[in-house]
Amino acid sequence: MLTAYDYPTAKVLDEAGIPLILVGDSLGNVVLGYDSTVYVTMDDMIHHCRAVTRGVRNALVIGDMPFMSYQANVSDALRNAGRFLQEGGCQAVKIEGGEHMAETAHRMVQVGIPVMGHIGLTPQSVNALGGYKVQGRTLETARQLVRGAAALEQAGCFSIVLEMVPVPLARLITEKVGVPTIGIGAGPFCDGQVQVVSDMLGLFTDFVPKHTKQYTHLAQAIRAAVGDYAREVREGQFPTEAHSFGMKEEVIEELKGEL
Ligand code: KIV
């Protein structure tokens, strides 16, 4: 699974055979330039979901429900989840939270909205968690994550993201639950992996999380390309005839005569 936020990226990921595309609220950081996902709105998410789903033919597209679009009450949650399917064109939604979100997930599943859970580091709760830290290192917090995963499975979630969870705990949870776990910073024993596309392509460079592997360095490539462009324009090497349009000689001659 990879995230995508726009039409061209979604199209390339889909063509490359990525089976799950998440329109993550990480777009708050990597596309909109906020320092937290807390500022992302429903309208932001729907706008980007529409762009992504226009580019996807095969992958399952999951819309990430933003902060306070599902936490206040179940009717808000159902209505907003419905918007992801009806307006965004997504096939499923993702929500953050364990046991305390199980009832909400269950109600969504009951009305026909497939739900992906997300436990461990849940960035929408960064202010309560005290930062972007590994979760579940103590016995009590590890137990809480195990209970959370079980509750989400019981609620009908079709899959669960484990974010920044120690490897042995992620492995235990993966073995315990019957639905696929998708890890990010949760080691190799999860059933699948997810990465933020802008991180793994080296496009977002404000910070590089420890769990990110940069498979390429797009920011560097773009910097080099726009540098070449600007130099060629200054030096008169661009545009050439190959990038320009002509017209009939007699038309331009007649026009010149009129001026
Ligand atoms: O918003 C996001 O991109 C996510 C993934 C990191 C799972 O929630």
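1. Helices (H or I, at least four residues) and strands (E, at least two) are DSSP runs, numbered from the N terminus. With that in hand, Met164 sits in the loop between β6 and α8 (167-176). Its phi is near 50°, a positive value in a residue other than glycine. Met164 is also buried, with a relative accessible area of 16%; buried means under 20% relative accessible area, exposed over 50%, and partly exposed in between (1.4 Å probe, protein chains only).

2. A word on what you are looking at. This is a predicted model, where local features need pLDDT of at least 70 and side-chain atom pairs count only at pLDDT 80 or more, while totals for chains, interfaces and linings use all residues. Residues are numbered from 1 along each chain as its sequence is written, and side-chain values use heavy atoms, with hydrogens and water left out.

3. Now the sheet. Eight strands form an open sheet in the order β1-β2-β3-β4-β5-β6-β7-β8, with parallel pairing. The edges are β1 and β8 (192-193); each has a single partner strand, so one side of each is left without a neighbour in the sheet. Two strands count as paired if DSSP finds at least two bridges between them.

4. Walking in from β1: strand β1 (residues 2-3) is joined to β2 by two bridges, and the two run parallel. Here Leu2 stands opposite Ile21 of β2. Four bridges then link β2 to β3, again running parallel, with Leu22 opposite Ile62 in β3. From β3, three bridges lead on to strand β4 (residues 92-94), also parallel, and the bridge partner of Ile62 in β4 is Ala92.

5. Which way do the side chains of β2 point? In strand β2 (residues 20-23), Leu20 and Leu22 point one way and Ile21 and Val23 the other, and all are buried. Strand β3 (residues 60-64) has four of its five residues buried, so it is largely enclosed by the rest of the structure.

6. Further along the sheet, strand β6 (residues 159-163) and strand β7 (residues 181-184) run parallel and are joined by four bridges. Glu163 stands opposite Ile184 of β7.

7. On to the packing. A nonpolar core here is a set of buried Ala, Val, Leu, Ile, Met, Phe, Trp, Tyr and Cys residues joined through side-chain atoms within 4.5 Å. The largest one has 57 residues, of which Val52, Met65, Phe84, Val93, Ile95, Met108 and Leu162 touch the most other members. Helix α7 (residues 139-155) gives the most to this core, with seven residues. Apart from it lies another core, of 10 residues, among them Leu20, Ile62, Val161 and Ile182.

8. What does Ile95 touch? Leaving aside neighbours within four places in sequence, Ile95 is in contact (heavy atoms within 4.5 Å) with Met65, Tyr70, Met101, Ala105, Met108, Val115, Met116, Gly117 and His118.

9. The ligand site is worth a look. The residues around the ligand (those with a heavy atom within 4 Å of it) are Thr3, Leu22, Gly24, Asp25, Ser26, Asp64, Lys94, His118, Val161, Ile184 and Val196. Ligand oxygen atoms lie 3.0 Å from a side-chain N or O atom of Asp25, 2.5 Å from one of Ser26 and 3.0 Å from a polar side-chain atom of Asp64. Taken alone the ligand exposes 260 Å², and the protein buries 95% of that; the areas come from the Shrake-Rupley method with a 1.4 Å probe, and for residues only the protein chains shown count as cover.

10. Thr104 belongs to helix α5 (residues 102-110) and is buried, with a relative accessible area of 8%. Beyond four places in sequence, Thr104 contacts Tyr70, Val74 and Ala77. Leu129, in helix α6 (residues 126-129), is partly exposed at 26% relative accessible area. Not counting residues up to four places away, Leu129 touches Leu121, Thr122 and Gln135.

11. Finally, some backbone details to check by eye. Met68 has a positive phi of about 70° although it is not a glycine. Met68 lies in the loop between β3 and α4 (74-86) and is partly exposed, with a relative accessible area of 43%. The peptide bond from Phe238 to Pro239 is cis, with omega near 0°, and Pro239 is in the loop between α10 (218-234) and α11 (249-258).

Definitions and conventions
A polar contact is a pair of N or O atoms within 3.5 Å; within protein, one must be able to donate a hydrogen and the other to accept it, and residues adjacent in sequence count only if both atoms are side-chain atoms.
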